Amino acid sequence: MGVERPPTPVQVRGTVVVDVPIDVSDDNVARAAEASVLDLDERKRIVLRAIVTEFITTGQPVGSAHVVEAAGLEVSAATVRSDMGALEELGLITQPHTSAGRVPADRGYRWFVDDLRNAPVLDARQREVIEELLGSARDVEDLLARTTTVLSQLTRLVSLVISPAIATSRLRLVELVALGPLTALLLLVADTGRVEKHTVELPVGGDERDLDRARTMLADRLVGRRFGDVGAVLRLLTEEAPTDLRGIVRAVADAASDVREDRVHQVFVGGQATLADDVSLQRDELARLLQLLEERETLARMLEETVEGPEPGAPTVRIGGENAIEDLRATSLVAQRYRLVSAGSLGVLGPTRMDYGSALATVRAVSDELQRTLDTLAEHG
């Protein structure tokens, strides 16, 4: 086995995209725990909802008097304090200081998210922004870069998108184009829209007619094959090619040697700058999170595994301690799958004190529009 080179990031309109290997069969990362169904009476539900909503908005502990006012309750602050004590015993809220109000615990956020899962929707203008930005994409790679942009713009959170697996996609087009007397460009286009470009150093003595013959041979043998099989097919073709074309075919095989089975995903990340303005993350938490955002293989695995939730076709939410990765314990992830030939995933990542309603609605709407646009590109591809 050769030494694997580290992935190289490429800048795409302010969005970082990088190829990473990912083993989707790796189940060492524990699945997020599901919150227990709690039988809360109506007033406790109102109190908990008010505490979560107010803390998300202000970032300050919420007192009983403020809950009475914010929720419009016709009871005393003392009654609400009693309800808050019961909610604290259930592990739904905590009291950071003796004289302070309450803040949501991870379990409280979980209850809140499960309570509003089907409610949030985007307004007409937000949906127009999504349709305009994604609908004008030139190709799949451009579309996925735009997806990270619109996710981070609408949520003010970090956006994450992983492409469908390239190794399981199939070649739709193979081109070998002369760039000069001794140089050619090999283009490999997948049925997902992904394009691989490789510079080929041609042997001395060939001509344009030889290049055309080699192009035809490559197309005949590679179109329809899995992307992950390209290297093996080219190595075999090197031995089978006519003697006068073996030099060209060998040069193509050498140029495409880095098309490997384990290069399965591209990871697009956007909106990292929004973290700098977020006061809910401690300095050390922010530093660890920014470091993690550079570890694209970890991000891809995390996103791939997170979206394998119990509700197909709906966003999955992992809150705080539900995340298996230690450096994500102060954050929440809202993610959803999309599909083009094979599955890809998208989501947003931010502090646990995020606007879950907005995040859920945005991820769902962007995923739906992404899927529609992908289907359109496939029809016209």
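**Close-up views of a predicted model**

**View 1. Packing of helix α1 against helix α2.** The axes of helix α1 (residues 42–58) and helix α2 (residues 64–71) come within 9 Å and cross at roughly 100°, where axes are lines fitted to C-alpha atoms, for helices over the stretch in contact, and angles run from 0 to 180 degrees between N-to-C directions. Helix α1 is therefore roughly perpendicular to α2, the class for angles of 65 to 115 degrees, whereas angles under 35 count as roughly parallel, over 145 as roughly antiparallel and the rest as oblique. Ile46, Val47, Ala50, Ile51 and Glu54 of α1 meet His66, Val67, Ala70 and Ala71 of α2, contact meaning heavy atoms within 4.5 Å. By class, this contact has 7 nonpolar, 1 polar and 1 charged residues, with Ala, Val, Leu, Ile, Met, Phe, Trp, Tyr, Cys and Pro counted as nonpolar, Asp, Glu, Lys and Arg as charged, and the others, Gly among them, as polar. Helices (H or I, at least four residues) and strands (E, at least two) are DSSP runs, numbered from the N terminus.

This is a predicted model, in which local features need pLDDT of at least 70 and side-chain atom pairs count only at pLDDT 80 or more, while totals for chains, interfaces and linings use all residues. Residues are numbered from 1 along each chain as its sequence is written, and side-chain values use heavy atoms, with hydrogens and water left out.

**View 2. Ala70 in helix α2.** Ala70, which lies in helix α2, is partly exposed, with a relative accessible area of 43%; buried means under 20%, exposed over 50% and partly exposed in between (1.4 Å probe, protein chains only). Ala70 and Ala50 are 20 residues apart in sequence, and their C-alpha atoms are 6.8 Å apart in space.

View 3. Strand β6 (residues 171–180) pairs with strand β7 (residues 183–190) in the antiparallel sense over 8 bridges, pairing requiring at least two bridges found by DSSP. The two strands β6 and β7 form a hairpin with 2 residues between them, and Leu176 stands opposite Leu186 in β7. Strand β7 also pairs with strand β8 (residues 195–201) in the antiparallel sense, over 7 bridges, with Ala184 opposite Val200 in β8.

**View 4. The largest nonpolar core.** Of its 54 residues, Val47, Leu48, Val67, Ile130, Val334, Tyr356 and Leu370 touch the most other members; a nonpolar core is a set of buried Ala, Val, Leu, Ile, Met, Phe, Trp, Tyr and Cys residues joined through side-chain atoms within 4.5 Å. Helix α12 (residues 356–379) gives the most to this core, with 9 residues.
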